[in-house]
Amino acid sequence: MNVYVAIADPSDDIDAIRYEHHLRHRGQDSHRLFRIFWWSVTAFLVLNCTIGCLRWWSRKIFRTHRYERLTPMSNVVYFARPQALFNAITLKPSPRLLGFTVTTYSLGKTFILASFAVGTLSLLALIDAPIPSSYFLDDVALRAAWITLTQIPLVYLLSTRRGPLNFVTGLSHTRINWLHRWVGRLVLLSATIHVAIMKSSILTENLLRSHDQGIAVVRYGIMTYTVLVWIAISSILPLRRRSYRVFYINHYTSTLVFLAIAFQHVPTYARPAIYLASFILFLDKLVVAYCFLRNNISISAAPRRFRHAHKLIAGYPVRMITPSASVSSLPAQTASSTTIIRIAHVPFPSRPGQHIRLSIPSLGILDSHPFTPADCTSIPPPPLPPRRDIQPGQKLQQSRQTSELLLFVKAKVGFTRRLADYHASWLARPCPNASSPPGSELKAYIDGPYGCPPKWEEYEHLVLVGSETGLAFSLAILDYLEQLCFTSPSHLRMATQRISLLWIRRHIDPGFEDVVRERVTRCAATLRDFGLEVNVEGWTTCPESREGKEVVELDRFAHLRGRCVSVKPELRIRHPDEIYDEWDREAEEMLAHAQPFEEDQDGDGRSDDCTLVDGKNSDEWTIDSNSEDGDDPFSDHNLLQDDAYRPLPVPAPPPPPLSVRQKGCDCAIIQHQRRKLNRGKSAIEEKYGARPDVRNVLLGLGLDKGGKCMVAICANRGVVRDVRDVVSRLEMDLAMGRGGKERGRVEVWTESQE
């Protein structure tokens, strides 16, 4: 009897052992990637925090005066040309393909996004399992899950307003919000890969009916992915713009639900990512709530009769701006109106270029809107020398310094439209400032300020570009420099020597322009007195605003005249003798055509007391039902023929509210009426009916002619793209050594107006 013994192939045993080892240890590499990534982020934050602490400690030890001596910076900087080359490449707008703008991001942002996406996707393929093996897709699904977990805390870190990243680096959330959105899309992509591969190996029937604990974990994963897809869909730009309040509530609630379900889905050893994301979210909301309460709630002393009592004050009063007499005589602009308000008694400081979020509960609960103030808070004066009558260690109690914030509100939809309607109804009162009933004053609550703008006084040449209400960004810088002229000591001067302001707007808005003109004229006069060169240009692009345009002057009282039209000739001034002669001729004609009384009485057989006019019989008064007016003597047609029966003018309907008025442009009539007024001297050089060539205007200002220049923009995307293109070319010329040794550095600071 032959016995055959099967001899196992050693290679098969080795592959089985390797497979079991791989299943046991395949998650360690992904877990190691998670730790490496977040230890690197932590080291970056600690390094920036250490540098900031060292700078603060050096200022405290050397007791540097608050107003440092600012001298024009030298052009000799180490590695200036490599740095200029780097700035030129990063600021260059992305090229257009076939005449279409693919993305509005610069080459620097595009490179960052492309590098992050390529690095993330490449980690999916860098796994130990070979591609032909049967368990390659399982390893890809596991790696996609770890990549998703690694990026979830990063998404929350990039979305914070007052989180660790904002505190350490000084970056505002508006400047990194674009990166937050794209990292979230990469999280959705990696989660989709994970769900697609894992779902292909599980039957739908088992997913719905099985009571296994492993299937329950899979159900939590499907729910987590569903919430993630809902967050992505509800964050689309049209939905976000339609109602930001609904978007914010939905987004915040969905993220909390996402973390709660993801906590149930991931295993215990992978939950540190969920803990980290929850800690970042909780810390950010806690600091934001503390700052909001500190800014908007204060305690003041009660009247003298209540010595130990205190009064709680919440919010700040909103003061409406009344247009001047010269502006009230001009027609109102209906196409593009701007509401100007003031927030009074603001105690916290703000720097020029920072923005706030304003909420007025009377106009909308949980509805806030970002604004850039047109002025900065008052700068405290230099410290006084010590007094001899004060004991050492004793401090004088000074009153808390408050300021006012000037805001320009462009009426669009939602909160801004309701605020504009309230301002219009407030102006319609008999006496707006005195007829307000008690308790009807608007209360505003401020969240902020946000942003970390540069030190504007360190640049020799400042170029400020603003469109529409984005001019508030530039006005705040002018107000700050004007205050520095008065508060800084005489021997300490700022480095700024030249200021160029470019304001671009679509339509003429008399009230808005009057406020801007007054502030620009005041700041320009002060700065010129201190030796600064100030140039201001204003461009109105509407073709109807062109000067010298023929317009038809409107009758502003046409609605009071009614719709009654008379067929008689218009009244004219005549000589009295001419009137008497005409009366005599009419009397002679009446006598010539008159008939004897007896013939008239015999002809119709009627008495003198007949009430019919002109001897008409009763048949002539019958109304014809087939005629249009029926020959009714009391019809509107006959009434118009006789002044005695002329109807009263129809009263004009009340003007509709601002939110339902038809859009139109009143630039032509405003320009025509404004020529009759003496507006006085203005520091703004106005140009109407044309769109400026931003590139040629900036090149004509000599941005690179010696010294350090800063171009600050708060405008739409088209203007920002043109400005960045010009600065990129200038930086490339500096990097290539073109233009001589006198060429200086040019930097760009963009304040988003979206």
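Modeller: A nonpolar core is a set of buried Ala, Val, Leu, Ile, Met, Phe, Trp, Tyr and Cys residues joined through side-chain atoms within 4.5 Å; buried means under 20% relative accessible area, exposed over 50% and partly exposed in between, with a 1.4 Å probe and protein chains only. This is a predicted model, in which local features need pLDDT of at least 70, side-chain atom pairs count only at pLDDT 80 or more, and totals for chains, interfaces and linings use all residues. Residues are numbered from 1 along each chain as its sequence is written, and side-chain values use heavy atoms, without hydrogens and water.

Colleague: Which residues have the most contacts inside the largest nonpolar core?

Modeller: They are Phe408, Leu481, Val516 and Leu527, in a core of 39 residues. Two or more residues come from each of β7 (403-410), β9 (461-467), α14 (471-487), β10 (498-505), α15, β11 (533-540) and β13 (709-714); helices (H or I, at least four residues) and strands (E, at least two) are DSSP runs numbered from the N terminus. The largest share, ten residues, is that of α14. Domain 2 (314-324 + 334-380 + 402-429 + 440-452) and domain 3 (454-544 + 678-753) each give this core at least three residues, the bounds being from an automatic or database domain assignment. A second, separate core has 32 residues, among them Ile152, Ala191, Leu259 and Ala277.

Colleague: What is leucine 527 in contact with, leaving aside its neighbours within four places in sequence?

Modeller: With contact taken as heavy atoms within 4.5 Å, leucine 527 touches Leu478, Leu481, Glu482, Cys485, Met494, Ile499, Leu532 and Val534. Leu527 is also one of the buried residues of α15, a list that includes Phe512, Glu513, Arg517 and Arg519.

Colleague: How do you know that the span of helix α15 agrees with what it should be?

Modeller: The expected span is 1.5 Å times one less than the number of residues. For the 20 residues of α15 (residues 510-529) that gives 28 Å, and the end C-alpha atoms are 28 Å apart, so the two agree. After α15 comes glycine 531, with a positive phi near 90 degrees.

Colleague: Why does leucine 363 count as buried?

Modeller: Leucine 363 has 11% relative accessibility, so it counts as buried, although its place is the loop between β5 (355-359) and β6 (368-371). Leaving aside neighbours within four places in sequence, leucine 363 is in contact with Phe415, Arg418, Leu419, Tyr422 and Leu442.

Colleague: Why is histidine 345 called partly exposed?

Modeller: Its relative accessible area is 45%, so histidine 345 is classed as partly exposed. Histidine 345 is in strand β4 (residues 338-346), and its phi is positive, near 60 degrees, in a residue other than glycine. Glutamate 468, also not a glycine, has a positive phi of about 55 degrees and is in the loop between β9 and α14.

Colleague: What is omega for the peptide bond from glycine 448 to proline 449?

Modeller: Omega is near 0 degrees, and the bond is cis. Proline 449 is in strand β8 (residues 443-450).
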